[in-house]
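Here is a short report on one protein chain. Look at the sequence and the model first, then read on.

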Amino acid sequence: MSNRERPIAGPGTIIGSSVFLTGVLKDAGDISIHGTVEGEITSERVLIIGETAEVKGPISGQIVTVAGTVRGSIDAGQKLEILPSGKVYGSISCRELTIRSGAVFVGKSTMPVEESPESP
């Protein structure tokens with residue numbers, strides 16, 4: 001059984017609101033950020049940027065929710081949601097995008113085009 005096939009036990013990674021982290025953060029499970037991170041964040045599942053979070057650097061995950069501030073690119077494999085308190089300054093790439101009323105997004109958005117089998 002490979003690492004990707006094993007079920008993930010436990011809560012994943014949680015960065016508290018009083019934490020300041022510099023560097024690269026990667027987790028096969030969920031990641032929840034409530035503090036300050038300068039560097040790359042990668043989750044193979046859900047990535048939550050909480051209301052008190054400030055992130056400077058590229059982030060990626062399958063499902064990304066932003067309630068805090070992100071300065072850098074976001075790559076969401078499936079879905080990106082920017083909540084009313086969320087602020088994103090940078091390019092984003094996702095299949096499904098939701099920007100709630102009150103949210104701030106300054107940057108460029110790219111959504112991959114899935115071609116149907118009937119396309120020439």
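## A charged pair

R100 counts as partly exposed, because its relative accessibility is 40%. The model is predicted, so local features need pLDDT of at least 70, side-chain atom pairs count only at pLDDT 80 or more, and totals for chains, interfaces and linings use all residues. Residues are numbered from 1 along each chain as its sequence is written, and side-chain values use heavy atoms, with hydrogens and water left out.

Which residue forms a salt bridge with R100? The partner is E81, and the closest N and O atoms are 2.7 Å apart. A salt bridge is a side-chain nitrogen of Lys or Arg within 4 Å of a carboxyl oxygen of Asp or Glu. R100 lies in the loop between strand 13 (92-99) and strand 14, and E81 lies in strand 11, so the pair ties together parts that are 19 residues apart in sequence. The structure holds one salt bridge. Side chains of opposite charge can pair when their charged atoms come close.

## The E81 side

Is E81 buried or exposed? E81 counts as buried, because its relative accessibility is 13%. Its place is in strand 11, which covers residues 74-82. Leaving out residues up to four places away in sequence, E81 touches V64, T65, V66, T98 and R100. Contact means heavy atoms within 4.5 Å.

## The whole chain

How many helices and strands does the protein chain have? There are zero helices and 15 strands. Both are DSSP runs, numbered from the N terminus: helices are H or I with at least four residues, and strands are E with at least two.

The protein chain has 120 residues, and 35% of them are buried. Its accessible surface comes to about 7,100 Å². Carbon and sulfur atoms account for 51% of that surface. Accessible areas come from the Shrake-Rupley method with a 1.4 Å probe; for residues, only the protein chains shown count as cover. Now take the contacts between residues at least 6 apart in sequence: 2% of them join residues at least 24 apart.

## Strand 9 and its partners

Strand 9 covers residues 59-66. Six of its eight residues are buried, so the strand is largely enclosed by the rest of the structure. Strand 9 pairs with strand 11 in the parallel sense, over seven bridges. Two strands pair if DSSP finds at least two bridges between them. In this pairing, I63 stands opposite K79 in strand 11.

Strand 6 (residues 41-43) also runs parallel to strand 9, and two bridges join them. There, I41 has I59 as its bridge partner. Strand 7 (residues 46-49) is joined to strand 9 by four bridges, again in parallel. I49 in turn is the bridge partner of V66 in strand 9.

## A67 in the loop

Follow the chain past strand 9. A67 is found in the loop between strand 9 and strand 10 (69-71). A67 is buried, because its relative accessible area is 9%. Setting aside neighbours within four places in sequence, A67 is in contact with I49, G50, E51, L83, S85 and G86. A67 and L83 are 16 residues apart in sequence, yet their C-alpha atoms are 5.1 Å apart in space.

What is the strand order in the open sheet? Six strands form this sheet in the order 2-5-8-10-12-14, and the pairing is parallel. Strand 2 (20-22) and strand 14 (104-106) stand at the edges, each with a single partner strand, so one side of each is left without a neighbour in the sheet. On average, neighbouring strands of this sheet are turned by 5° against each other, direction ignored. Such angles run from 0 to 180 degrees between N-to-C directions; axes are lines fitted to C-alpha atoms, for helices over the stretch in contact.

Strand 12 (residues 87-89) is joined to strand 14 by three bridges, and the two run parallel. Y89 stands opposite V106 in strand 14.

## I14 in strand 1

I14 sits in strand 1 (residues 13-15). I14 counts as exposed, because its relative accessibility is 56%. Beyond its neighbours within four places in sequence, I14 is in contact with S32 and H34. I14 and S32 are 18 residues apart along the chain, and their C-alpha atoms are separated by 4.8 Å.

Technical notes:
Buried < 20%, exposed > 50% of the residue type's maximum accessible area, 1.4 Å probe, protein only.
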